[in-house]
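Thanks for coming, everyone. Please have the sequence and the model open while I talk.

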Amino acid sequence: MRRAAVAVATTAMAVSLAACGSAKEADGGSDSSDSAAKKGDDIKVGLLLPENQTARYEKFDKPMIEKKVKELTNNKGEVVYANAKQDASLQNQQVDTMVTNKVDVLIIDAVDYKAIAGSVKKAHDAGIKVVAFDRLAEGPIDAYTSFDNVTVGKTQGEALLKALGDKAKDSQIVMMNGSSTDPNAAQFKEGAHSVLDGKVKIGREYDTKEWKPENANANMQAAISALGKENIDGVYSANDGMAGGSITALKRAGIANIPVTGQDAELAGVQRIVTGEQYMSVFKSYPKEAETAAEMAVALAKGESLDSIANDKVDSATTKGVPAVIVPVVSLTKDNIKETVIKDGFYTIDEICTDKYKAACDKIGLK
């Protein structure tokens, strides 16, 4: 069984946060079923997602989790949903409401993985189990599912180097990382740097507030101004939304035909890959992640063991040995669109190849 250690910003902070928890909290992932009373199918699952700007949350995660909970509970289980709209304080209030309404289990994708810790403890103290979804929240969580985030960053960095080819060592790139409040962003960055450092010059690097495309656009404009438009040969973007914002700034400056990475396989990102404006995205099986979160939540709500679901363990700054499922990822380029997003039912060819993109689709054999 592999143990994945999750880095924290500083040792002092880790000690401080850990000291705030109880002894029970320190090994909260060791036995997920001790304190949960056995229940039947009539359970209530609280689902808290972080924002509604990234297409995945409303289009994939929410309906897939709802569907799986219904399947696992003979249509008796209920999902109570709230979206924090990128507001950590609002998400804390939403947890309080879920606790007041006595949900049996929570699935939380945290806006801010540190700020949510107090609310996770409130749920824990009320006897409500917590599944950390996509981002490893701090506090006494009981289970976690996500993708191998360091591998995501490596996949992006390796794709960028491949696109630059033999010119990589003489090339200069801009790095557009995600939000500093998201632990995944730090892991994407770590993975990317592990393959990019020493292989290409990093001219400018940004942590992009709230992952917003408009903030990435502003950062890219600043990079172009500082470096000169003729001195940018590629862009590491941690997700598709920021890739879109960066590409808009590049186009406005007259910069074209340079590789730009992404993540999430958003429809607009896939369409930019078709046209060549964006080089790649990272395809992540949201169905697998969502179904796993639902399976964990239902098992925890019923007081059942996670042994048959979770094949891994992770550590956060506050909780050790959390049962986890880590889902693999795939580099998405124009060469494997059919084998990834279309095969898995994310999009149809008609959705991708609208009139605006039909000629580009035909050119790469996507029809």
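This is a predicted model: local features need pLDDT of at least 70, side-chain atom pairs count only at pLDDT 80 or more; totals for chains, interfaces and linings use all residues.

Let's start with helix α4 and helix α5. Helix α4 covers residues 88–100, and helix α5 covers residues 117–125. Their axes lie 9 Å apart, at an angle of about 5°. Angles under 35 degrees count as roughly parallel. So α4 and α5 are roughly parallel to each other. Which residues meet here? From α4, they are N92, V95, D96 and V99. From α5, they are S119, K122 and A123. Sort the residues of this α4 and α5 contact by class, and you get three nonpolar, two polar and two charged.

Next pair: helix α6, residues 149–164, and helix α7, residues 183–196. Here the axes are 6 Å apart, and the packing angle is about 40°. That angle makes α6 oblique to α7. And the hand of the crossing? For α6 and α7, the crossing is right-handed. Now find the contact in your sequence. On the α6 side, look for N149, V150, V152, G153, K154, G157, E158, L160 and L161. On the α7 side, look for N184, Q187, F188, E190, G191, A192, S194, V195 and L196. By class, the contact of α6 with α7 holds eight nonpolar residues, seven polar ones and three charged ones.

The last pair is helix α8 and helix α9. Helix α8 runs over residues 213–227, and helix α9 over residues 240–252. The two axes come within 7 Å and cross at roughly 40°. Therefore α8 and α9 are oblique to each other. Their crossing is right-handed. What does α8 bring to the contact? It brings P213, A216, N217, M220, Q221 and I224. Helix α9 answers with G241, M242, G245, S246, T248, A249, L250 and R252. The class count for α8 with α9 is seven nonpolar, six polar and one charged.

Now the empty spaces. How do we find them? Rolling a probe the size of a water molecule over the atoms shows where empty space is left.

Pockets first. The largest pocket holds about 410 Å³ of space. How many residues line the largest pocket? There are 18. Nearest its centre lie I273, G276, Q278, Y279 and K334. Which of the elements gives the most to the lining of the largest pocket? That is α10, with three residues. Across the lining of the largest pocket, count eight nonpolar residues, six polar and four charged.

Then the cavities. A search of the whole structure turns up two cavities of 30 Å³ or more. The largest cavity has a volume of about 140 Å³. It is lined by 14 residues. Closest to the centre of the largest cavity are Y57, R135, D182, W211 and D264. What is the class make-up of the lining of the largest cavity? It has three nonpolar residues, four polar and seven charged.

Find both of them on your screens. Thank you.

How values were computed. Residues are numbered from 1 along each chain as its sequence is written. Side-chain values use heavy atoms; hydrogens and water are left out. Axes are lines fitted to C-alpha atoms, for helices over the stretch in contact, and angles run from 0 to 180 degrees between N-to-C directions. Helices (H or I, at least four residues) and strands (E, at least two) are DSSP runs, numbered from the N terminus. Angles under 35 degrees count as roughly parallel, over 145 as roughly antiparallel, 65 to 115 as roughly perpendicular and the rest as oblique. A crossing is left-handed if the near helix is turned anticlockwise from the far one by less than a right angle, and right-handed if clockwise. Contact means heavy atoms within 4.5 Å. Ala, Val, Leu, Ile, Met, Phe, Trp, Tyr, Cys and Pro count as nonpolar, Asp, Glu, Lys and Arg as charged, and the others, Gly among them, as polar. On a 1 Å grid over the protein atoms alone, a cavity is a set of points where a 1.4 Å probe fits but cannot get out, and a pocket is an open set with protein on both sides within 12 Å along at least five of seven lines; lining residues have an atom within 4 Å of a point. Grid points are joined across faces, edges and corners, and a volume is the space filled by probe spheres set on the points.
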